[in-house]
Amino acid sequence: MMNYIWTGLVAIAVIAGIVTGSISDVQEALFSFANTAVEIVFGLIGVMVFFTGLMSVMEAAGLCEKLGKILGPVMTKLFPEVPANHPAMSSMALYFAANILGIGNAATPFGLKAMADLQTLNKTKHIATDAQCMLLAIATTSITLLPVTALALRSAVQVEGATEIIGPVILATTISTATGIIATILLGKLKRYKLETIIQKEIAAGTLEINENYIGNDPIKL
């Protein structure tokens, strides 16, 4: 879907450039931001490597397990189908902690690890489970209580008032996250969105792909 969206946006930009006679500006922006994209990607490599390594150290030290236990009561409510001792709980706990602190670059590798851990509980390859949908909903709504990165950027360009965004950020993230969680729960109760319903449709259509890495006790048998 994202491929179609981005292709559509590029097509609209080209058509608008032709119609308005500013196609040269569109071409200049295209090549300019292509270079910017490469710079951003290379800039993220070091950060992601650092925090991925940090996560490995935390796992080896048992800190992930402890953090998972601290957030356990909330996590079990949000992800009832995920076992309390499953690695996904620790990964998601670290992901939420990084997001709450507003450290987006740190949250990214944690989020990818959490989704990969949840996939081991998924019977299928391409159908998201309720837990995966909930994680994605919370990630999309940007749960941030202390926007460290934003505060650092604001402090770099202004002497006073850098922290004035904390109140609005907390209010906005509370409303957006609550909305995302409630919407995910309500939609998950509808028959058309239930995982079992979608799996049955895929089986009937002959398009269901089994996840060979599933570690549960009730795999799908075709």
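The model is predicted: local features need pLDDT of at least 70, side-chain atom pairs count only at pLDDT 80 or more, and totals for chains, interfaces and linings use all residues. Residues are numbered from 1 along each chain as its sequence is written, and side-chain values use heavy atoms, without hydrogens and water. Helices are DSSP runs (H or I, at least four residues), numbered from the N terminus.

**Helices H7 and H9**
- Helix H7 spans residues 130-140, and helix H9 spans residues 166-189.
- Their axes lie 8 Å apart and pack at an angle of about 155°. Axes are lines fitted to C-alpha atoms over the stretch in contact, and angles run from 0 to 180 degrees between N-to-C directions.
- H7 is therefore roughly antiparallel to H9 (angles over 145 degrees).
- Cys-133, Met-134, Ala-137 and Ile-138 of H7 meet Gly-180, Ile-181, Thr-184 and Ile-185 of H9 (contact means heavy atoms within 4.5 Å).
- This contact of H7 with H9 has six nonpolar, two polar and no charged residues. Ala, Val, Leu, Ile, Met, Phe, Trp, Tyr, Cys and Pro count as nonpolar, Asp, Glu, Lys and Arg as charged, and the others, Gly among them, as polar.

**Helices H5 and H7**
- Helix H5 (residues 87-100) and H7 cross at roughly 10°, and their axes come within 11 Å.
- H5 and H7 are therefore roughly parallel (angles under 35 degrees).
- Met-92, Tyr-95 and Phe-96 of H5 touch Leu-135, Ile-138 and Ala-139 of H7.
- The residues in the contact of H5 with H7 are six nonpolar, no polar and no charged.

**The largest pocket**
- Its volume is about 720 Å³ (the space filled by probe spheres set on the grid points, which are joined across faces, edges and corners). A pocket is an open set of points on a 1 Å grid, where a 1.4 Å probe fits, with protein on both sides within 12 Å along at least five of seven lines; lining residues have an atom within 4 Å of a point.
- The lining has 30 residues, and Glu-81, Thr-129, Asp-130, Ala-131 and Gly-188 are the closest to the pocket's centre.
- H9 gives the most to the lining, with six residues.
- The lining holds 19 nonpolar, four polar and seven charged residues.

Note on methods:
Helix = DSSP H or I, 4+ residues; strand = E, 2+ residues; numbered from the N terminus. Parallel < 35°, antiparallel > 145°, perpendicular 65-115°, else oblique.
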